[in-house]
Amino acid sequence: TIQSMDLVNNLALLKLSKNNLHTVGFADSDTIKIGQRVFLVAATSIQQDNWLANEGIVREIQKNALRQSDVIKTTMQDSSQVSGSPLFNSAGELVGLNVLDSQSQVQAIPINKIRTLLEL
């Protein structure tokens with residue numbers, strides 16, 4: 001079920017009725033810097049063991065105070081299959097959730113927006 005939504009950042013918090021799911025730690029949003037190495041992992045289909053990975057660097061951190069919608073821009077390009085996938089730092093912590101711009105450039109909704117939705 002949907003617990004809360006952030007329409008500006010296109011995020012939704014869902015409640016799942018499963019137990020013992022794996023979790024990942026969150027990066028400190030203040031430590032995300034331009035030039036930092038990041039990577040993504042995304043499922044390419046619903047079948048088991050169909051995954052892709054990509055690696056790049058943070059090329060821009062854009063803060064938009066008017067719309068309250070920040071974005072982390074990377075050097076990666078990829079297919080639409082990566083939209084919604086996690087963006088990690090080299091420590092394996094979640095930096096953000098990936099979206100693609102009109103040129104298939106990987107961008108991410110930063111972790112601070114996700115923490116706000118989770119009320120953390």
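Leu16 is placed in the loop that links β2 (11-14) and β3. In this predicted model, Leu16 counts as exposed because its relative accessibility is 58%, and the cut-off for exposed is over 50%.

Leu16 also belongs to a nonpolar patch on the surface, together with Ile2, Met5, Leu7, Leu14 and Leu21. The accessible area of these residues together is about 670 Å².

Strands β1 and β2 run antiparallel and are joined by four bridges.

Asn9 is found in the loop between β1 (2-6) and β2. Is Asn9 buried or exposed? Asn9 is buried, because its relative accessible area is 6%, and buried means under 20%. Asn9 and Leu117 are 108 residues apart along the chain, while their C-alpha atoms are separated by 9.8 Å.

## The barrel

Six strands make up a closed barrel, in the order β3-β4-β5-β8-β7-β6, and their pairing is antiparallel. From one strand to the next, the twist averages 40°. As a general point, strands of a sheet pair through backbone hydrogen bonds, in either a parallel or an antiparallel way.

Strand β3 covers residues 37-43 and strand β6 covers residues 86-89; three bridges pair them in the antiparallel sense. Across this pairing, Phe39 stands opposite Phe88 in β6.

## Strand β6 and its hairpin with β7

Which strand pairs with β6 over three bridges to form a hairpin? Strand β7 does so, and the pairing is antiparallel. Phe88 takes part here as well, with Leu94 as its bridge partner in β7. Four residues lie between β6 and β7 in this hairpin, and Gly92 in the turn has a positive phi of about 80°.

## Helix α1 across the strands

Helix α1 consists of residues 111-118. The helix lies across two strands, β7 (94-100) and β8 (105-110). Relative to β8, helix α1 runs at about 40°. Both β7 and β8 are among the strands of the closed barrel.

Technical notes
Residues are numbered from 1 along each chain as its sequence is written. This is a predicted model: local features need pLDDT of at least 70, side-chain atom pairs count only at pLDDT 80 or more; totals for chains, interfaces and linings use all residues. Side-chain values use heavy atoms; hydrogens and water are left out. Two strands pair if DSSP finds at least two bridges between them. Axes are lines fitted to C-alpha atoms, for helices over the stretch in contact, and angles run from 0 to 180 degrees between N-to-C directions. Contact means heavy atoms within 4.5 Å. Patches are made of residues with over 30% relative accessible area and no salt bridge: like charges are joined within 9 Å, nonpolar side chains (Val, Leu, Ile, Met, Phe, Trp, Tyr) within 5 Å. Accessible areas come from the Shrake-Rupley method with a 1.4 Å probe; for residues, only the protein chains shown count as cover. A salt bridge is a side-chain nitrogen of Lys or Arg within 4 Å of a carboxyl oxygen of Asp or Glu. Buried means under 20% relative accessible area, exposed over 50%, partly exposed in between (1.4 Å probe, protein chains only).
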